Amino acid sequence: MEAATTSDRTLFVHGNQACVEGALYAGVSFYAGYPITPSSEIAEEMSSRLPASGGKFIQMEDEISSMCAIIGASLTGRKAMTATSGPGFSLMQEALGYAIMAEIPCVIVNVMRGGPSTGLPTQGSQGDVNQARWGTHGDHAIIALTASSHQALFETTVRAFNLAETCRSPVIVLYDELLAHMRERLILPEPGDLPLVERLRTFVPGGVDYHPYLARSDGRLPMSDFGGVHRYNVTGLFHDMWGFPSTDPTVVHELMHHLHDKIVQRTNELASYCQYALEDADTVLISYGTPARSAMQVARKGRENGHRVGVLELETLWPFPAQLVRDACANARVVIVVEMNMGQVRDQVRAAVREPSRVFLANRVDGEFIRSKDISTVIRLVDGHGV
Amino acid sequence: MLKIILSGVGGQGIITAGVIIGEAVVIHEGRYAVQTQSYGAEVRGGVARTDLTIDHSEIYYPRVDQAHVLVALHQDSYVRLNRRIRPGGILVVDESLVTLDARVDARQFSLPIVRTAEDELKRPQAANMCMVGALVTMTGVAEPESVRSAIAARFGPGHPNLAAFDRGLQLAPGRVLHSSTV
């Protein structure tokens, strides 16, 4: 048992509040959004917390304007975010692509409910994994993170803000309704416990030419707060180092590679994950979000009974950590992906491993949480023991 | 590990009762608790249910499929959820709102929770806190003092919910759950 009286940094909160606490810790100072179940508590909490700490909260008329507003706020130097669920995330896709092209740091939280369309508003799902990857059009790279506990969600949200700044990119935080609405312990880290990445601002003084899209040797692009000392152009068109539209094949080619490489070439570095008993596992469970909790339950019980079951829990979904998955599954007899959709990550795992025929799916798509039994049943079937 | 389902009708404060117990356990005792709820579109009416799992170590699976303890403050939730109790488990109901069914395989306790809140405390909305009090006495789910701290932190020092909780402590017949794991 831990100390009988815990400090006031110990909270018993729902997941949406854990996300808000993480965002505030990371330094968010602007939120624009249109509340939607099961993400609404994020807007509710932000609407009181942000004004109280000198930030701005705006309830917008829809998700299109919400996404546009955080892009504008970010350009002026704010750490900005919005939160939504699948239907709202659909509406954000056009502006999300703009933020990718114009390299504007921001964080988009998508609390996943059942879809398509308005679907299952109050129940959980993980059906938006591929939407996060390819919801917006055109070749692009994206970062999407997830978590299975409130402590991890707090840290994931902080990391999302950090990566948005480091990569000058939108970062998506995806989690399911169950995590959003269940309550459990969250211990708020002290200031300084988690590293924070602040806005990289240009040293170019006013009156001197500033090139908003000229990368430094490390690939990062210093920003100038829009409306400050520099006047520059921001566009969704392919653009040159001044930010002006260009169809010059060299300019287009280099920008496309820059946007792609700054994320995809860091895939291994961006891969955040947890693992349990993988060393000698012949049955590897790959999961993420709350289904990973059931996978852990199954693995721990399996180990108690002498079965060699291990868990790889992914906290980075995009860019997909293919090498990590390949290595974790190298000696596996069976790989079972546990998720609340029709196999969106299962497909990625199949593409990553050397023996795709050994990859199976344990899923639920009825709005109900995946139980340990749902996973054990698939293990029994795959092992030839029937249900 | 102790698994509890609290249930009733929307508006009775069932979810709040679960949150108070969770706060007492996590914030004031340093143990682990996970609370989930059925979450529908209704604001009032309909079955309200919250699942609580309490343990000394990290809890993975967050739902309660089979409860050690089930509380039903309404007939509908009693009928719908009594199969969720493990055989021989503890079932606590409100005396005026629930008619017991002898076929249910559980140790069933019918307590005057709502009547006490209405007639004695003149505060019908505090029935949920009476229920938490009775539950603490019967199961030892949390220390009375840590529940008082959680109530005071949430509602304010001296809040009538504290008196309702203390009254609830005396409503129960005594400790009926003896578990070394909690």
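The legends below describe close-up views of a predicted model.

Residues are numbered from 1 along each chain as its sequence is written, with chains lettered from A and ligands numbered from 1 in the order in which they are written. Local features need pLDDT of at least 70 and side-chain atom pairs count only at pLDDT 80 or more, while totals for chains, interfaces and linings use all residues, and side-chain values use heavy atoms, with hydrogens and water left out.

**View 1. An open sheet of five strands in chain A.** The strands follow the order 10-12-11-14-15 with mixed pairing, where strands (E, at least two residues) and helices (H or I, at least four) are DSSP runs numbered from the N terminus, and two strands pair if DSSP finds at least two bridges between them. Strand 10 (273-276) and strand 15 (359-363) of chain A are the edge strands, each pairing on one side only. Within the sheet, strand 11 (residues 283-287) and strand 14 (residues 334-339) of chain A run parallel and are joined by five bridges; Val284(A) has Val335(A) in strand 14 as its bridge partner.

**View 2. Helices 10 and 12 of chain A against the strands.** Helix 10 (residues 291-304) of chain A lies across strands 10, 11, 12 (309-314) and 14, and runs at about 160 degrees to strand 12; axes are lines fitted to C-alpha atoms, for helices over the stretch in contact, and angles run from 0 to 180 degrees between N-to-C directions. Helix 12 (residues 344-352) of chain A packs on the sheet, where it touches strands 11, 12, 14 and 15, and its direction makes about 150 degrees with that of strand 14.

**View 3. The interface of chain A and chain B.** Here 28 residues of chain A are in contact with 24 residues of chain B, contact meaning heavy atoms within 4.5 Å. The two chains bury about 2,300 Å² between them, 56% of it on carbon and sulfur atoms; buried area is the accessible area (1.4 Å probe) that two parts lose on being put together, summed over both. One salt bridge is found across this interface, a salt bridge being a side-chain nitrogen of Lys or Arg within 4 Å of a carboxyl oxygen of Asp or Glu. The side chains of Asp65(B) and Arg371(A) meet in a salt bridge, at 3.1 Å from N to O. Helix 10 of chain A supplies five residues, the largest share of the side of chain A that touches chain B.

**View 4. A salt bridge within chain A.** The side chains of Arg201(A) and Asp225(A) meet at 3.0 Å, N to O. Both residues lie in the loop between strand 9 and helix 8 (249-264) of chain A, so the pair ties together parts that are 24 residues apart in sequence.
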